[in-house]
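Subject: Structure for your files

Hello,

Please find the structure below, followed by notes on what was found in it.

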Amino acid sequence: MEKHLFLGDEAIAQAAIDAGLSGVYAYPGTPSTEIMEYVQNSPVAKERGIHCHWSANEKTAMEAALGMSYAGKRSLCCMKHVGMNVAADCFMNAAMSGINGGMIIVTADDPSMHSSQNEQDNRVYGNFAMIPMLEPSSQQEAYDMIYEGFELSERLGYPILFRVTTRMAHSRAGVETSAPKPENAMRCPEDGRKRFILLPALARKRFRVLLDAQKSFTEASESSIYNRYIDAPNKRMGIIATGIAFNYLSENFPEGCEYPVLKISQYPLPRKQVERIVGECEEILVLEEGYPVVEEQIKGFLSKNLTIHGRLDGTLRRDGELTPDAVGKALGKEIRSYYAIPEIVEQRPPALCQGCGHRDMYEALNEVVAEYGDAAKVFGDIGCYTLGALPPFQAIDSCIDMGASITMAKGAADAGVFPAISVIGDSTFTHSGMTGLLDCVNEKTNITIVISDNETTAMTGGQDSAGTGRLESICAGIGVEPEHIRVMVPLKKNFEEMKRIIREEIEYKGVSVLIPRRECIQTLTRKKKASKK
């Protein structure tokens, strides 16, 4: 064994490598990005030839990971919580087909929305798909769960959903690693056509198999070392703590909790332990990060009139992160704030980097759009260019989800909005904007699409972008007329030319694609520093 100081994400990545991983598939998204980056930078992963290239989006990542599992190898699929919405089609059906080689799906949820547009709790997805879930309470547990999780996946025959949240992903702790395991040999399933072809007649059989497997999933949870009943003499209250919430509870009781505690880090809920704490205690306090998933479920376990405290009754807030202080308040403790932010300190909103090409693009776009008054609408997308919504630009009117800029602009154009303009980044375009462009081409929509190309996935740290060097050919292949695919260099010296091109393409009655292209200032700076070493 060796001891390391790992981020939660790093513990996950190292555990997967040590567990005999053959491939990791992911799309960058905070707070999950560092898992793939750790594997990419691992000498062991390079020596063993572990697949570790970024996928175009979370759906393609999930499907590729399932394909590797089909071949008998162990695969890891990683995404932030909203990425599961993109991958949900394959995710739900992988629960029907089951797996061959061990497959773990990491969802990194983001309560308090530090870098996200919602704070959905993907344990709901795990329950929806009816597959086992793991939720660590520490970095060491994150390592151990992944290290052993591939064998659990293979033993049960299903993918495992592994849920962490921002604090677990991005905080550090000491982790002891275990002896590396060899990779699985390639072995395609003998009954593959019965399991992996989900025609209705076969899918109905597979669904019954999934339902029958629920008993074994519950038995695995009830015998799991990650689910523990910790008895205590004061039965006035029982505490159910899940994942990192158990860590926060422990911080409030450094000498041990006076109440019985049920720690839950493996799902489905361990029925026997839940029935015990519900049966022994007068009230129950549920501590969980995210939605009241467990709080709602345990109501089905009640055989007596019992008061349940948690997020539903206001003991804990429904929104935002769980914290040690929030847990302390829920326990009735007096919490003092020792580090209040002075009133003189003003929060500084995020802003586009000085020298960023998006700045020059927005300045030119704003001047042209102003010529159309309130009639013009600019639909934005997910990326660092979303900061164009803030001062001084205030350049976009919407930002909903990955790829929505093109399709929302199309819908607005269909409704009569002119000009209807979409602003999307190069990585987001290849993630989920291409299909929207195809809709526009097929219907000859009167729309102007700006693909602001900084040749990287900048918002998450400068990962490779799937469309680098190919955007023009992709757009032409989809059917955009080549003369209306216009490339610009967003610099002050080209300002008047940019405005002229934007005006011309807005006035063209059809699909126009403008590509302002200049390398991200951050990745360019890193390259220059690296070249001097």
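Buried means under 20% relative accessible area, exposed means over 50%, and partly exposed is in between (1.4 Å probe, protein chains only). This is a predicted model, in which local features need pLDDT of at least 70 and side-chain atom pairs count only at pLDDT 80 or more, while totals for chains, interfaces and linings use all residues. Residues are numbered from 1 along each chain as its sequence is written, and side-chain values use heavy atoms, with hydrogens and water left out.

Overall form

The protein chain has 20 helices and 18 strands; helices (H or I, at least four residues) and strands (E, at least two) are DSSP runs, numbered from the N terminus. Its radius of gyration is 25 Å, close to the 24 Å that the globule rule gives for 533 residues, so the chain is as compact as a globular protein of that length. That radius is taken over C-alpha atoms, and the globule rule is 2.2 Å times the number of residues to the power 0.38. Along the principal axes, the C-alpha atoms fill a box of roughly 75 × 65 × 55 Å. Of the 533 residues, 55% count as buried.

Positive patch

Lys-194, Arg-204, Lys-205 and Arg-208 form a positive surface patch. Patches are made of residues with over 30% relative accessible area and no salt bridge, with like charges joined within 9 Å and nonpolar side chains (Val, Leu, Ile, Met, Phe, Trp, Tyr) within 5 Å. Lys and Arg count as positive and Asp and Glu as negative, while His and the chain ends are not counted. The place of a charge is taken as NZ of Lys, CZ of Arg, CG of Asp or CD of Glu. Accessible areas come from the Shrake-Rupley method with a 1.4 Å probe, and for residues only the protein chains shown count as cover.

Helix α10 (residues 200-222) gives the most to this patch, with three residues. Lys-194 lies in helix α9 (residues 192-195) and counts as exposed because its relative accessibility is 61%.

Salt bridges

The structure holds 34 salt bridges, a salt bridge being a side-chain nitrogen of Lys or Arg within 4 Å of a carboxyl oxygen of Asp or Glu. One of them pairs Glu-151 with Lys-181, with the closest N and O atoms 2.8 Å apart. Glu-151 lies in helix α7 (residues 139-156) and Lys-181 in the loop between β7 (172-176) and α9, so the pair ties together parts that are 30 residues apart in sequence. Glu-151 is partly exposed at 41% relative accessibility, whereas Lys-181 is buried at 18%.

Lys-499 and Glu-367 meet in another salt bridge, at 2.7 Å from N to O. This pair links distant parts of the chain, with Lys-499 in helix α19 (residues 495-507) and Glu-367 in helix α15 (residues 357-370), 132 residues apart. Lys-499 counts as buried, with 8% relative accessibility, and Glu-367 as partly exposed, with 39%.

Lys-499 also forms a salt bridge with Glu-496, where the closest N and O atoms are 3.4 Å apart. Both residues lie in helix α19, three residues apart, about one turn of the helix. Glu-496 is exposed at 52% relative accessibility. Elsewhere, salt bridges that share partners join Asp-109, Asp-121, Arg-123, Glu-135, Arg-163 and Glu-288 into one network.

Backbone geometry

Most residues other than glycine have a negative phi, and most peptide bonds are trans. Pro-391 and Pro-392 are joined by a cis peptide bond with omega about 10°, and Pro-392 lies in the loop between β14 (377-379) and α16 (404-415). The peptide bond from Phe-418 to Pro-419 is also cis, with omega near -5°; Pro-419 sits in the loop between α16 and β15 (420-425).

Ser-112, which is not glycine, has a positive phi near 80°. Ser-112 lies in the loop between β4 (103-109) and α6 (123-129) and is partly exposed, with a relative accessible area of 32%. Gln-394 likewise has a positive phi, near 45°. Gln-394 is in the loop between β14 and α16 and is exposed at 56% relative accessible area.

Regards
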